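Subject: Structure handover

Hello,

Here is the structure for you to take over. My notes on it follow below.

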Amino acid sequence: MGGEMPHQAPKQGESRMKKVLGLGGLTMMSTAAIIGSGIFVLTGVVAKSYAGPGVVISYLIGGVVAVLSAMCYMEFAAETSTTGASIVYSCKIFGKFVAWLVAINVLIELVIASAAVATGFSGYLSALIKNLDLIGPNRLSNWNGSTLLYGPGANGNMLAIDPVAAAAVLIITALLVMGVQEAEWVQNCCTSLCLIAIIMSIITGAVYSNKSNWADFAPMGFNGIFRGASVVFFAYLGFEMMAAAPEEAVNARRDVPLGIGISVVGCTILYLLMALVITGMVPWQQINASAPFAQAFKDRGAMWMSIIVSFGGLAGILDTIVVTQYSMSRTFVMLGRMGLVPPLLSRVHPKTQTPIFSTVFCGLVSAVLALFVPIGELADLTSLGALFAFCVVASAVMFRRYYQPPAMPRDMDGFTGREGAPLWKVLIPFLSIIGASLGLAFSWATGCHYGVYIAMFAWWLIATVYIAFCLPVVFMPTKLPTPLFPWWPSATVLTTIFLIASLGPTNWAPGASLGPTNWARWGYACIIGVLLFAGYALAESLYNRRHGPPPPRAMSYHDEQNYEAREGSSKAAVDSMDVESGKAIEGDAADAGGELGHDQAASSK
């Protein structure tokens, strides 16, 4: 387990991305990714289609899963200062193959999320233009709100394209190529506009609310609430994208975990309030699924609020595109450093200090998808990809406490000095937790007898109790350990797998028509990813057999610690030069000093 450590940090002599993100910028980035534009639309869709006023409980369940997952991310984020997020975390514990599967799911999540959100940009823009009467209705007759249609007639075979969505992606891509600081400034402005629109919607909507609309609180029962929780979990995707930012954070080990925690808790509160407002303003059966808040305010004569909501939606869409494109490009940087994609994609431009090649590549892919591909049917894959990554990260947090590979140096911070249990003794309860979670989730999805639920839950409980009281802890993080261990990560595994099952096929009934389901599409994507990994490994093996293996890297198991040591030596060199010249230099904080010293050494040259 664990295998070779990925080459997390850039090689000596390579350009490193510029450190410009503080706590405020990281929190705004995470908030922007979580809220986006979905808060103005997704709440109404789930309330009308699945949960009714019980959408509040759906958001609460989604928020609990997000908080559980966020704490597991925060434990790893406090220990790393390089880009890569869940890919690095899973590779540290489970090796490159599992990391590649996580990478495939993360890229599925980011690519589809970016394209799906971008396709909503022209819809919001069309609605805003019509509300403001900026263009006559005849001028917009060929614009149905999201696409331009070309073909013989209204009912003929036509090609639906969305150039406005593609243009939005390309503009954001150009901004990210220019530099992270420029993108951060635009993102902060958009996030501020979106938050203003949300707060005004909550205050104004509370005035129009009628508590009698909450009388039939769960019209579709708990099944509807849990199904709604699986759908609204899409709204929480975003905090893990910020885990791709440590390399550009000024004080990554402090600010990234804090930013994740603040944004997840704050956004959960906003979601709950927005859900209460829309279900209080309009009976759940009458909610407009495409524009719930805008239509609700328009029906009450508050056209000014409808316009503000449209502006907030546009700002939220731009926010989400910025963060998804940013995270996608940094994911390719990490994969390039690991040698799993062409190294060109990991190259950082020395002038802009941004990964230009990966940023442009990701922008073009997302723009093409937004332009041509009907992305709506694939939207649930974003949740499936993210939930899989969350489950792997939680598993990694739990597994490393009780087992460390023999090659792991025992003088590393965090080792307890205790003798660990054999691998098989760790694997049995660990796999039991995963198996019990799968059994509980799929028995719920298939409508099994309640006795099966009890048996599966008891299996999960026994396995977790065994881990908690019978296995020796061999590793304890020193920075930010996950609380209530091992219950917290074990519950994260259970809840993420449960939501994955809730996003599965709805045609379990005998005689129901079969077709491509979310699980099938997800499975195809993972199989393609495995084939790509096998093909790459085979090509590399054949190349090494013909030309000889590459020379070993002079790096130990923990590349990042070596990288920080190099940075620290650069800092020491600069300090000694300044002392000799009689200059006084203030030292940075202990954790950030090594990284900032690299920048000072570069600038002194």
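This is a predicted model: local features need pLDDT of at least 70, side-chain atom pairs count only at pLDDT 80 or more, and totals for chains, interfaces and linings use all residues. Residues are numbered from 1 along each chain as its sequence is written, and side-chain values use heavy atoms, with hydrogens and water left out.

**Confidence**

pLDDT is the predictor's confidence in each residue, from 0 to 100. The protein chain has a mean of 74, and 73% of its residues reach 70 or more. Helix α16 has the highest confidence, at 92. Helix α20 (residues 590–604) has the lowest, at a mean of 39. Two stretches need care. Residues 148–156 stay under 50 in pLDDT, and the model gives them 18 contacts beyond four places in sequence. Residues 506–515 are also below 50, with 8 contacts beyond near neighbours in sequence. A contact means heavy atoms within 4.5 Å. Where pLDDT is low, the predicted coordinates should not be read in detail.

**Overall**

The protein chain comes to 20 helices and 2 strands. These are DSSP runs, numbered from the N terminus: helices are H or I with at least four residues, strands E with at least two. Of the 605 residues, 53% are buried. Buried means under 20% relative accessible area, exposed over 50%, and partly exposed in between (1.4 Å probe, protein chains only). Take the contacts between residues at least 6 apart in sequence: 82% of them join residues at least 24 apart. The chain exposes about 25500 Å², and carbon and sulfur atoms supply 67% of that area. Areas come from the Shrake-Rupley method with a 1.4 Å probe; for residues, only the protein chains shown count as cover.

**Salt bridges**

The structure holds 2 salt bridges. The criterion is a side-chain nitrogen of Lys or Arg within 4 Å of a carboxyl oxygen of Asp or Glu. E75 pairs with R400, the closest N and O atoms being 2.8 Å apart. E75 sits in helix α3 (residues 55–77) and R400 in helix α14 (residues 380–402), so this pair ties together parts that are 325 residues apart in sequence. E75 also meets R401, again at 2.8 Å, N to O. That pair links α3 and α14 too, so it joins parts 326 residues apart in sequence. E75 is buried at 0% relative accessible area. R400 is buried at 5%. R401 is buried as well.

**S90**

S90 is in helix α4 (residues 86–94). S90 counts as buried because its relative accessibility is 0%. Leaving out residues up to four places away in sequence, S90 touches G95, V98, A99, V102 and V392.

**Helix α6**

At 1.5 Å a residue, the 16 residues of α6 (residues 163–178) should span 22 Å; the end C-alpha atoms are 23 Å apart, which agrees. The expected span is 1.5 Å times one less than the number of residues. Buried residues in α6 include A165, A168, V169, I172 and L176. Just after α6, G179 takes a positive phi of about 155°.

**Surface patch**

F457, L461, V465, F469, L484 and W487 form a nonpolar surface patch, with about 590 Å² of accessible area together. Patches use residues with over 30% relative accessible area and no salt bridge: like charges are joined within 9 Å, nonpolar side chains (Val, Leu, Ile, Met, Phe, Trp, Tyr) within 5 Å. Helix α16 (residues 450–470) gives the most, with 4 residues. L484 lies in the loop between α16 and α17 (487–502). L484 is exposed, with a relative accessible area of 63%.

Best regards
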